Amino acid sequence: MTAGLAAAMLAAVLYGITPVCARRAIRLVGYVRANAGRLALAAAVMAVPAFALGRASADRSAMFALAGAVGFGLGGLGVFRALSLAGAPLTSLVVETVAALTAGVLAWVWFADALTLAELVCGLVVLAGVVLGLLPYTHGQAHSRRVGRGVVLALAAGIAQAVSVVISRESLLALQESAVQRMPVAGRFDVVSSAAFDRLVGGVAVALVALAVVRVVPGRLTSGGGGDVARSSERGRLGDALPDRAAFWISANALLGPVLGVTAMVWALQTLQPGLAQAVAATAPLVTIPVARSLDGDRPPPGYWAGATVAVAGLVVLALVRA
């Protein structure tokens, strides 16, 4: 297994945990404040290695910041609002699958970053497993306007996420090309940490603008919490044991998502085509299900296990192909 594939799998695990943390934070402070809080905290954390190790991504800082503004800023707002409308499994399903397909096509069209036939087939098998595993969660929701709005927002967020990773991938390739006569970019943590910080800066800028807007625009824009988030009487054992405080859940979300998860994804994008990286990350909803069971008391339906098996099989074959 290559380091890039391992990093993408790690990102999927981390991304799978964050939606459950986000739902708790949203219930307590609303989706706009929860999103701004996690990005600001993550940027503060990532500033330490970014400046301590040197601003290795300085030549492409503006592009990485743009990627963050689109993915973290606009996409993050869409995801957080969709979570409270459609729930974590369905939101993750739409976001990750749309992001994978869009990123693969966009990278191929924009700068001819194409997948091999074997990688394409494996990626589609993984996505098929994700869809199969999460289809049971869509039953009975087709006629709900609330869920419909959530799906539309998740769709937009998935496209934003795809644009974000493709911009990041193009910028990493540009850094690699400009560094041919110096030191290679691939495999360097200083490049990864610096790029991750730049992305967070762009995301924070958009999130702070959104936060300023909700302070002057009254009504539903300032709320957006609650939804299907489990109350104390409905939580799993672990969820009931953890503190029900916004600071805890925002911090957990920031650490697992924008800090560790995005660092892993940027590492993966050094060597993986964006569509392939996103296809691996699309297994995040399958991680969300057992995490939601522990924290919120949700029990996965039988179809989940069938889908998870298909997705894992696709990942195993992909690892063999990449090896």
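In these legends a residue is called buried when its relative accessible area is under 20%, exposed when over 50%, and partly exposed in between, with a 1.4 Å probe and protein chains only as cover. The model is predicted, so that local features need pLDDT of at least 70 and side-chain atom pairs count only at pLDDT 80 or more, while totals for chains, interfaces and linings use all residues. Residues are numbered from 1 along each chain as its sequence is written, and side-chain values use heavy atoms, with hydrogens and water left out.

**View 1. The aromatic pair of Phe 248 and Trp 249.** Rings of Phe, Tyr and Trp (for Trp, the six-membered ring) are paired if their centres lie within 6.5 Å, and are called stacked with planes under 30 degrees apart, edge-to-face over 60 and tilted for the rest. The structure holds four aromatic pairs. In one of them, Phe 248 and Trp 249, the ring centres are 5.0 Å apart and the planes stand at 90°, so this pair is edge-to-face. Trp 249 is buried, with a relative accessible area of 1%, whereas Phe 248, at 31%, is partly exposed.

**View 2. The aromatic pair of Tyr 304 and Trp 305.** The ring centres of Tyr 304 and Trp 305 lie 4.7 Å apart with their planes at 75°, and the pair is therefore edge-to-face. Tyr 304 is buried at a relative accessible area of 4%, while Trp 305 is partly exposed at 48%.

View 3. Helices (H or I, at least four residues) are DSSP runs, numbered from the N terminus. Helix H9 covers residues 246-269, and its 24 residues should span 34 Å at 1.5 Å a residue, which agrees with the 32 Å between its end C-alpha atoms; the expected span is 1.5 Å times one less than the number of residues. A kink of about 35° is centred on Gly 261, the bend at a residue being the angle between axes fitted to the seven residues ending there and the seven starting there. Of the 24 residues of H9, 18 are buried, so the helix is largely enclosed by the rest of the structure.

**View 4. Salt bridges.** A salt bridge is a side-chain nitrogen of Lys or Arg within 4 Å of a carboxyl oxygen of Asp or Glu, and a search of the whole structure finds six. One of them joins Arg 27 to Asp 244, with the closest N and O atoms 2.6 Å apart. This pair links distant parts of the chain, as Arg 27 belongs to helix H1 (residues 3-29) and Asp 244 to the loop between helix H8 (237-241) and H9, 217 residues apart. Arg 27 is buried at 16% relative accessibility, but Asp 244 is partly exposed at 33%. Between Asp 113 and Arg 169, which also form a salt bridge, the closest N and O atoms are 2.8 Å apart, and both residues are buried.

**View 5. A nonpolar surface patch.** Leu 101, Leu 117, Leu 120, Val 121, Leu 124, Val 125, Leu 132 and Val 310 make a nonpolar surface patch of about 660 Å². Such a patch is made of residues with over 30% relative accessible area and no salt bridge, nonpolar side chains (Val, Leu, Ile, Met, Phe, Trp, Tyr) being joined within 5 Å and like charges within 9 Å. Helix H5 (residues 117-134) gives the most to the patch, with six residues. Leu 124 lies in helix H5 and is partly exposed at 44% relative accessibility.

Notes. Areas by Shrake-Rupley, 256 points an atom, 1.4 Å probe, with all protein chains shown as cover. Helix = DSSP H or I, 4+ residues; strand = E, 2+ residues; numbered from the N terminus.
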